[in-house]
Amino acid sequence: MTASIAAPTSIRPAPIRRPTVFVKGSRYDKMMEAFGGVGVNATSPDELKRAVNAAMDSGKPTLINAVIDPAAGSESGRIGNLNPQSVLQRRSNRLQPNLIPARAGGQTQYGAKTMTKALTGVRILDFTHVQSGPTCTQLLAWFGADVIKVERPGVGDITRGQLQDIPNVDSLYFTMLNHNKRSITLDTKNPKGKEVLTALIKSCDVLVENFGPGVLDRMGFPWEKIQSINPKMIVASIKGFGPGPYEDCKVYENVAQCTGGAASTTGFRDGLPLVTGAQIGDSGTGLHLALGIVTALYQRTMTGQGQKVTAAMQDGVLNLARVKLRDQQRLAHGPLKEYSQFGEGIPFGDAVPRAGNDSGGGQPGRIVKCKGWETDPNAYLYFITQAPVWEKICDVIGEPGWKTHPDYAKPPARLSRLNEIFARIEQWTMTKTKFEAMEILNKDDIPCGPILSMKEIIEDQSLRATGTVVEVDHPTRGKYISVGNPIKLSDSPSEVTRSPLLGEHTDEILRQVLGFTDHQVAEIHDSGALDPPRKQAAEVSPP
Ligand code: CAO
């Protein structure tokens, strides 16, 4: 029962790059020790049980090299037989023998296949709120991390009560950003609360926060202190700005869109700067941070050390707006010929202008009206005049002469005539619904896309089939629709489970994750660390 991949025995004719091969019979416990961890070699079921128990009690990453029945093949699926349910339940599935030296969550049965999720064994101390941070930790939870959301007693994440559609029920704002997490309420300014937080820092792999600048320091947990409590901890933060003149500023989505270069380049040239509906400042930065976290986790497997990961919302937006920074520099060498204003003969200034719906790439595109546009605000199609299919476009719109005409045949000649060309295309699309046009154009590989309303997206069965749009049941809200994990891993399926109620898992986390006894849990309750802060004497009304 050794975890191993058999070494290839045959010599193949062509040289092929192969992955690292773990040879059957290797002592993985020794490898673990070489990297500074704890390794145990178990050669009988009793030894294995003892090793699992010791690993649970130590709370340290441990790798158990279980060599019990070499004829039995891989270890997967067998540990359950050797490791009684009582152990797993009592110890909350915190560790399983594996090649990954980390605490483990459960495995999930998919048909005949048992799958461990990609981030199984990673525990996240989730100090996030509102949108940017929760987006990040929700993704990590979908990949299997155990995400423990720490919330202020009484109120919790402020979004629970914002934009509420049903009175006294967690808002969709909150539920759609906090799936697959557990919630503990904790007043981190209460002395006992600080003790609990310290225990959480010891037990988790990553702390994620998006507090205002300086909040974690004021709470008494600067980076140095967290490091001293748990040197392996990765501390991941979202702030509005990186170091510089604005580093102390609080930031929300649209501030980031404006300061990251998105707003000045969105909208029409003669109109106001516009913010987009896609939350590129919040959710976009959450995505950036998630990548930083898994990268740091990967590096930790080699260094054994934690590190700081930061993503500033301004930086995240700028990263997503990088094509506009490209255009800023192109301006020095002449007009941006793919922008409508070039064809309209309007001179460019010294900064990238707003380009309406012009394509940001090298293939000109526009939004054009479709049948029904007079009454339906979404009866439109994005149409791209991709050069390789230009001749097919000419045939579809009824302008075969443009295939050879010197004013239209080649892309450079078309640039100054885009308004005229798209007006002609629109004449054609207005005779079709956006879906009819899409069907016709796609037969000829002409890139285009209907403008879909959120209503249409919610009803789209193909998005349901892939789990990108999911229905979730919630105890107080009932059923609602949410966006599932947009990133699909073939061996780590994402199930979307409901967001936690405020403090729903407080006792479970105190007991199962932190191992507090009944007496200690009672003490924590008595301390007030789990309740809203008591009013100061001056605030209390006189009797
Ligand atoms: N127990 C006790 N106190 C807690 C607590 C807990 N569990 N959780 C939070 N607090 C306290 C903090 O300690 C802080 O107190 P002090 O200011 O006295 O130190 C206080 O709550 C407020 O924290 P905050 O500054 O993060 O919250 P805010 O509502 O004032 O600001 C926001 C919100 C989003 C503007 C700010 O957090 C921020 O700029 N974050 C970084 C950028 C970001 O992520 N923005 C995106 C938000 S989504 O659009």
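Residues are numbered from 1 along each chain as its sequence is written, and side-chain values use heavy atoms, with hydrogens and water left out. Because the model is predicted, local features need pLDDT of at least 70 and side-chain atom pairs count only at pLDDT 80 or more, while totals for chains, interfaces and linings use all residues.

## Overall make-up

The protein chain contains 22 helices and 15 strands; helices (H or I, at least four residues) and strands (E, at least two) are DSSP runs, numbered from the N terminus. Of the 543 residues, 42% are buried. Buried means under 20% relative accessible area, exposed over 50%, and partly exposed in between (1.4 Å probe, protein chains only). Among contacts with a separation of 6 or more, 64% join residues 24 or more positions apart, where contact means heavy atoms within 4.5 Å.

## Nonpolar cores

In soluble globular proteins, nonpolar side chains tend to be buried together. A nonpolar core is here a set of buried Ala, Val, Leu, Ile, Met, Phe, Trp, Tyr and Cys residues joined through side-chain atoms within 4.5 Å. The largest such core has 34 residues, and those with the most contacts inside it are Ile-124, Leu-140, Val-206, Val-208, Leu-289 and Ile-293. Two or more residues of this core come from each of helix H5 (132-142), strand E8 (206-209), strand E9 (234-239), H11, strand E10 (308-312), H12 and strand E14 (469-474). Another core, of 30 residues, lies apart from it and includes Val-196, Leu-200, Cys-204 and Ala-529.

With neighbours within four places in sequence left aside, Val-208 contacts Ile-124, Leu-125, Asp-126, Phe-127, Thr-128, Cys-136, Thr-137, Ala-236, Leu-289 and Ile-293.

## The H11-H12 pair

Helix H11 (residues 283-303) packs against helix H12 (residues 313-320) at an angle of about 95°, and their axes are 9 Å apart. H11 is therefore roughly perpendicular to H12. Axes are lines fitted to C-alpha atoms, for helices over the stretch in contact, and angles run from 0 to 180 degrees between N-to-C directions. Angles under 35 degrees count as roughly parallel, over 145 as roughly antiparallel, 65 to 115 as roughly perpendicular and the rest as oblique.

On the H11 side the contact involves Gly-284, Thr-285 and His-288, which meet Met-313, Gly-316, Asn-319 and Leu-320 of H12. By class, this contact has two nonpolar, five polar and no charged residues; Ala, Val, Leu, Ile, Met, Phe, Trp, Tyr, Cys and Pro count as nonpolar, Asp, Glu, Lys and Arg as charged, and the others, Gly among them, as polar.

## Individual residues

Tyr-252 lies in the loop between E9 and helix H10 (253-259) and is exposed, with a relative accessible area of 58%. Beyond four places in sequence, Tyr-252 touches Val-130 and Met-313.

Two residues other than glycine have a positive phi. Leu-163, with phi near 55°, sits in the loop between strand E6 (146-151) and helix H6 (172-175). Leu-163 is exposed at a relative accessible area of 70%. Asn-180, with phi near 60°, is in the loop between H6 and strand E7 (181-185); Asn-180 is buried, at 16%.

Arg-498 belongs to the loop between strand E15 (478-483) and helix H21 (506-513) and counts as partly exposed, at 26% relative accessibility.

Lys-192 is in helix H7 (residues 191-203). Not counting residues up to four places away in sequence, Lys-192 touches Glu-523, Ile-524, Ser-527 and Ala-529. Pro-533 is in the segment after helix H22 (518-527) and is exposed, at 55% relative accessibility.

The table lists C-alpha distances for pairs that include these residues.

| Pair | Separation in sequence | C-alpha to C-alpha distance |
|---|---|---|
| Tyr-252 and Ser-132 | 120 residues | 9.0 Å |
| Arg-498 and Lys-479 | 19 residues | 9.9 Å |
| Lys-192 and Gly-528 | 336 residues | 8.1 Å |
| Pro-533 and Pro-153 | 380 residues | 7.8 Å |
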